[in-house]
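These are my notebook entries on one structure. I set down what I looked up, topic by topic.

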Amino acid sequence: MTEAEARLAPDEQMYFYQDDRDAKCPFAPPPGLRALNDEAPVSRARIWDGSTPWLVTGHAAQRAILSDPRVSSDDKQPGFPYPNKTMAETAHEHPLTIFNADGADHSRIRRMMTRPFTRPRMEALRPEIQRFTDELIDKMLAGPKPADLVSSLALPLPSLMICALLGVPYEDHDFFQEHASLATRSDKTTEQQQAANQALGGYLAGLLQKKMQEPAEDVLSDFAGRVKEGDLTLPEATLLSMILLIAGHETSANMITLGTALLLENPDQLAKLREIDDTKNAANAVEEILRYLTVPQLGQRRIAREDFEFEGVQIKAGDGIVVPLPAGNWDPEAFPEPEKLDLTRKASHHVAFGWGIHQCLGQQLARIELQVVYGTLYRRVPTLRLAVDRDELSFRPTDALAFGIGELPVTW
Ligand code: HEM
């Protein structure tokens, strides 16, 4: 009996979300989740607190539910399917943010954050991303072997970029990376998370106050200007800054690390990637790797506002809804032979950045970072390889916010 089968409720044989990945295929979504989707695109599942929200696993069904206005992200509603105990315990004090706001509130908050993230602005950053990538690779090559790809490249690159964009001094990265990690890790206590949030908030509020006196060309100065004009309060501007600082590096970093481990295991695809010398095909390859790995693995959480029929099931007002994006991106109806990594596949309809009104705000930045890193690292270091066996890599468990690897020892 597998561990997942052992966790099934004996009375109902209901799927327990989320079971583990198969150690032999660590890049694939958990097998139980894939098997569930083979049966139906929407089903009931049991989660950590014993409740049984709807699990939407089909690709088309995921896009439909994530853009359905009858569904809410309001995490204060009774019945909301929290991903863990800490989230459940602290939900009553969560402020209104871009993540848990609906409708007009969400549009208002999102509008304040969109301007710096438009496609042309992100494209203009490409040369800087290339420069940072080259410098980090130079430094790694000049250092000892083996090197840890996470600390040499995967984490510093997105961190440098988000710092440059926000106007946060990169020299402080040890401080904010540590606190961002403490604030979001499910194995930390509520008190530890709150303390980390407070420390990070104090730091950002201080920076915003400085930018009110001496504005520069960056996002924090933009928020500081809005505080001065009375469009935002200082705590609101602090929260927006904190969200961008936290959201801006961990997911992209995990894509760089996991993508490298995946490509090293698929040398034919890695060879194809090295041959690509145009932006369009490089962009296409990145979409396939985003689909394949789908790092936001925890499942997007929603709650029904009203009764409605959906994909043949009757959803009731107050029912919890969980949308595990890896399952949609491995739905064979949308992506035939999903287990095959095929960098020529047309995969841009994937849901790795979510769908609907909450679709990722930083997706253009993440895409360009990945296009530059994947397009540079394996060409500049053609003999790059793992310095340990694949079995020794510490993959993050399925209840971690993002799928990733703690350390990736590489040599060349
Ligand atoms: C490969 C990297 C990334 C992935 C896979 C990713 C994934 C996602 C996903 C799945 C959502 C949807 C959440 C939901 O539906 O509830 C989301 C939202 C968001 N992401 Fe990303 N993200 C990435 C990088 C970034 C970056 C670099 C930034 C900022 C600089 C960012 C900022 C945000 C924000 C602010 C939201 C909230 C949008 C909203 O609720 O309207 N993300 N992201």
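Axes are lines fitted to C-alpha atoms, for helices over the stretch in contact, and angles run from 0 to 180 degrees between N-to-C directions. Helices (H or I, at least four residues) and strands (E, at least two) are DSSP runs, numbered from the N terminus.

I noted that the model is predicted: local features need pLDDT of at least 70, side-chain atom pairs count only at pLDDT 80 or more, and totals for chains, interfaces and linings use all residues. Residues are numbered from 1 along each chain as its sequence is written.

**Entry 1: helix pairs**

I looked up α14 against α16 (residues 279–293) and found that their axes come within 11 Å and cross at roughly 95°. The two helices, α14 and α16, are therefore roughly perpendicular to each other. For contacts I used C-beta atoms, placed from the backbone, that lie within 7 Å. On the α14 side I recorded Met255, Leu258, Gly259 and Leu262, which meet Ile289, Leu290, Tyr292 and Leu293 of α16. Sorted by class, the α14 contact with α16 has 7 nonpolar, 1 polar and no charged residues. In this sorting, Ala, Val, Leu, Ile, Met, Phe, Trp, Tyr, Cys and Pro count as nonpolar, Asp, Glu, Lys and Arg as charged, and the others, Gly among them, as polar.

I then took α15 (residues 267–275) with α18: they pack at an angle of about 105°, and their axes are 9 Å apart. For α15 and α18 too, the relation is therefore roughly perpendicular. Leu270, Leu273 and Arg274 of α15 meet Tyr374, Tyr378 and Arg379 of α18. The α15 contact with α18 has 4 nonpolar, no polar and 2 charged residues.

**Entry 2: domains**

How is the protein chain divided by the domain assignment? I found domain 1 (3–155 + 249–411) and domain 2 (159–245), with bounds that come from an automatic or database domain assignment. The centres of domain 1 and domain 2, taken over C-alpha atoms, are separated by 24 Å. I recorded 21 residues of domain 1 in contact with 14 residues of domain 2. On the side of domain 1 that touches domain 2, α4 (85–90), α5 (103–114), α7 (126–142) and α18 each supply at least two residues. That side of domain 1 has 12 nonpolar, 5 polar and 4 charged residues.

**Entry 3: ligand shell**

Of the 24 residues around the ligand, Gly248, Gly354, His358, Cys360 and Gly362 come nearest. I noted that α13 (234–247), α14 (250–265) and α18 (363–380) each supply at least two residues of the shell. The shell has 16 nonpolar, 7 polar and 1 charged residues.

**Entry 4: sheets**

I took two strands as paired if DSSP finds at least two bridges between them. An open sheet of 5 strands has mixed pairing and the order β1-β2-β8-β5-β3. At its edges stand β1 (42–44) and β3 (71–72), each with a single partner strand, so one side of each is left without a neighbour in the sheet. Helix α3 (residues 59–66) packs on this sheet and touches β1, β2, β3, β5 (300–304) and β8 (320–323); the direction of α3 makes about 130° with that of β8. I counted 3 bridges joining β1 to β2 (residues 54–56), which run antiparallel. The bridge partner of serine 43 is leucine 55 in β2.

I also found an open sheet of 3 strands, antiparallel in pairing, with the order β4-β10-β9. Strand β4 is joined by 2 bridges to β10 (residues 409–411), and the two run antiparallel. In β10, valine 410 is the bridge partner of alanine 147.

**Entry 5: backbone details**

I recorded a cis peptide bond between tyrosine 17 and glutamine 18, with omega about 5°. Glutamine 18 is placed in the loop between α1 (3–6) and α2 (31–39). A cis peptide bond also joins lysine 145 and proline 146, with omega about -5°, and proline 146 lies in the loop between α7 and β4. Glutamate 311 is not a glycine, although its phi is positive, about 50°; I located glutamate 311 in the loop between β6 (308–310) and β7 (313–315).

Note on methods: A residue is near a molecule or strand if its C-beta atom, placed from the backbone, lies within 6 Å of it. Two residues are in contact if their C-beta atoms, placed from the backbone, lie within 7 Å. Angles under 35 degrees count as roughly parallel, over 145 as roughly antiparallel, 65 to 115 as roughly perpendicular and the rest as oblique.
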